[in-house]
Amino acid sequence: MSHGGTLPQDMITEILSRLPVKSLCRFKCVSPSWKILISSPYFAKTHLNRTKTLKNPRNLNKKILLMAYNLYSVDLAHTNPTATKLILPTAEQRLQHQVRVVNSCDGLVLLSIRRGSELFLLNPSTRECKKLPIFPFVVDSAEYLDANLYGVGYDSSTDDYKVVIVSRKIVAVYSLRTDSWRRIQDVDFSLKESSGRVFVNGCLHGICWRDSCHRIVAFDLSDEVVREVPQPPWYCGIGSEIASYWVAVLGGCLCLVDKRAPEFWKMKEYGVRESWTEFKIRSGLFKAHLLCLLADDEFLLRTTPGRGLKQWVVYNQQKNTVRNMVVCGIPDQFSFQDTYVESLISPHHGGQEEGMGGNE
């Protein structure tokens, strides 16, 4: 490599894969060979795998997305985090409030606009954005997107990112590799609602209504089959107690987070009913809501002091302490959307194209 001195390419790859995405985007200008390397899907995977295997768990959920008529990204790893406004796929002001963050996987964020009539894959770190082809199957958008299980995930068996829609009538899958939709099966049960859409253990998860009770369901992206996930031992299958929870991923595990109180259940061993373990955040903040895990024993909570204004606090479970977190540039009123991993994964399969723009 012309600008790499005597260092072999594998060593250069090893060094660059440890750097943040923002720096790597700048380093594309160092030389043509560096641009080819950093832009390659192989390097993007290498960088992502290193990010996931770092010992510091803050790197797993260190960036979050907020919505307040615009989409904001907050890097919680910084000492003084700042909210950065992202340019949304639509420039029409009247459509800004119609943008929803569905879920994220490996740094790719699925956005829906116009009640799901338009879907986008966005990488907030590289500013790349791709509009998905129009959903080809005739079905009411409010039915299959507003109240059912859908989201983006990664299929390791085919090295492909997929967008899944599980409706009351059909199951359809979009493949980033082929850039196309296909209908794979009819659903043998009725999905009436979903609470949360998260990707973990190769499956997309949500809480749905089936056979007169709420259940956790998972769509396996490898064999493309919908399955039920074992419920916590306290859930008897009758009533609506699980309806007060939403699914989340904390520390790489599937979790049920209580909407009413700062507590959650974690499935420590995926698929094992007996491994559900309860965690209570004993902070005295009764109106706090859990947003994400910052470290092994640190949780980010949102409190509501009044007048619609929201305050962030960090709770340390081991020390049982609470401290305020101040985020510069954050709007007074916002909604928490999701966490995401900083990555170079491109929403354009096989290569990178023009992004959607930088910060405003």
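Strand β17 (residues 253-258) and strand β18 (residues 263-267) pair in the antiparallel sense over 3 bridges (pairing requires at least two DSSP bridges between two strands; helices, H or I of at least four residues, and strands, E of at least two, are DSSP runs numbered from the N terminus). The model is predicted, so local features need pLDDT of at least 70 and side-chain atom pairs pLDDT 80 or more, while totals for chains, interfaces and linings use all residues. Residues are numbered from 1 along each chain as its sequence is written, and side-chain values use heavy atoms, without hydrogens and water.

Within this pair, Leu256 has Trp265 of β18 as its bridge partner. Both strands belong to an open, antiparallel sheet of 4 strands, ordered β16-β17-β18-β19. The edges are β16 (245-250) and β19 (276-280); each has a single partner strand, so one side of each lacks a neighbour in the sheet. From one strand to the next, the twist averages 30° (axes are lines fitted to C-alpha atoms, and angles run from 0 to 180 degrees between N-to-C directions).

Helix α4 (residues 41-53) has 13 residues and spans 18 Å from first to last C-alpha, close to the expected 18 Å (1.5 Å times one less than the number of residues). Phe43, Ala44, His47, Leu48 and Thr51 of α4 are buried (under 20% relative accessible area; exposed is over 50%, partly exposed in between, with a 1.4 Å probe and protein chains only). Down the axis of α4, these buried residues fall within an arc of 135°, so they line one face of the helix (the arc uses directions from the helix axis to the C-beta atoms). They pack against α1 (9-16), α2 (21-27), α3 (32-39) and β9 (160-166) (contact means heavy atoms within 4.5 Å). Tyr42 and Thr53, on the other side of α4, are exposed.
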